[in-house]
Amino acid sequence: MLADFYMMADKEDGDNDVGVKLETRPKTQRPPLYKVLILNDDYTPMEFVVHVLERFFGMTHAQAFELMLTVHKKGIAVVGVFSHEIAETKVALVMDFAQRHQHPLQCTMEKE
Ligand code: TYC
């Protein structure tokens with residue numbers, strides 16, 4: 001039929017093959033990342049929080065002081081972004097350190 005001829009001419013070669021697009025872009029798998037968050041409270045001394053940020057998150061005193069003030073004013077802040085295992089370890093270390101010093105400081109993680 002003439003109509004079939006024009007349809008084939010449009011997009012198909014008429015042999016009923018199924019085309020498979022060749023994927024050239026490599027699919028690199030990235031592991032999910034987790035935000036480590038620190039929460040404000042009314043009792044933990046400011047200097048203790050600054051010390052925690054220096055000790056466990058590698059911040060300078062100035063960076064730590066600034067982030068501590070952000071948490072103090074806003075209630076919460078992201079301290080860093082890590083793989084699941086590293087984030088879990090940081091949270092555990094901070095929580096243990098706070099407990100040993102009898103401060104109610106809270107540190108949690110959430111998927112980015
Ligand atoms: N709000 C606390 C105070 O006034 C200081 C503080 C800051 C506590 C940050 C926790 O994550 C925190 N002593």
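Predicted model: local features only at pLDDT ≥ 70, side-chain atom pairs only at ≥ 80, totals over all residues.
Which polar backbone atom has an oxygen atom of the ligand 2.7 Å from it? Colleagues, it is a polar backbone atom of Leu39.

The residues around it are Ile38, Leu39, Asn40, Asp41, Thr44, Met46, Val49, Met68, Val71, His72 and Leu105. In the side chain of Asn40, an N or O atom is 2.7 Å from a nitrogen atom of the ligand. For Asp41, it is a backbone N or O atom that lies 2.7 Å from a ligand nitrogen.

I turn now to Asp41 itself, which sits in the loop between strand 1 and helix 2. Asp41 is buried but forms no salt bridge, and the nearest side chain of opposite charge, that of Arg100, is 17 Å away. The Asp41 side chain instead reaches backbone nitrogens: that of Tyr43 at 2.7 Å and that of Thr44 at 2.6 Å. Beyond its neighbours within four places in sequence, Asp41 is in contact with Pro104 and Leu105.

Leu105 leads us to the core. The largest nonpolar core has 25 residues, and Val52, Leu53, Phe57 and Leu105 touch the most other members. Strand 1, helix 2, helix 3, strand 2 and helix 4 each supply at least two of its residues, with the largest share, seven residues, coming from helix 2. In soluble globular proteins, nonpolar side chains tend to be buried together. Setting aside neighbours within four places in sequence, the contacts of Leu105 include Phe48, Val49 and Val52, as well as Val94, Met95 and Ala98.

Terms used: Residues numbered from 1 in each chain as written. Heavy atoms only, no water. Core = buried A, V, L, I, M, F, W, Y, C linked by side-chain atoms within 4.5 Å. Buried < 20%, exposed > 50% of the residue type's maximum accessible area, 1.4 Å probe, protein only. Helix = DSSP H or I, 4+ residues; strand = E, 2+ residues; numbered from the N terminus. Contact = heavy atoms within 4.5 Å. Lys, Arg positive; Asp, Glu negative; His and termini not counted. Salt bridge = Lys/Arg side-chain N within 4 Å of Asp/Glu carboxyl O. Polar contact = N/O pair within 3.5 Å; in protein donor to acceptor, adjacent residues only side chain to side chain. Near = heavy atom within 4 Å.
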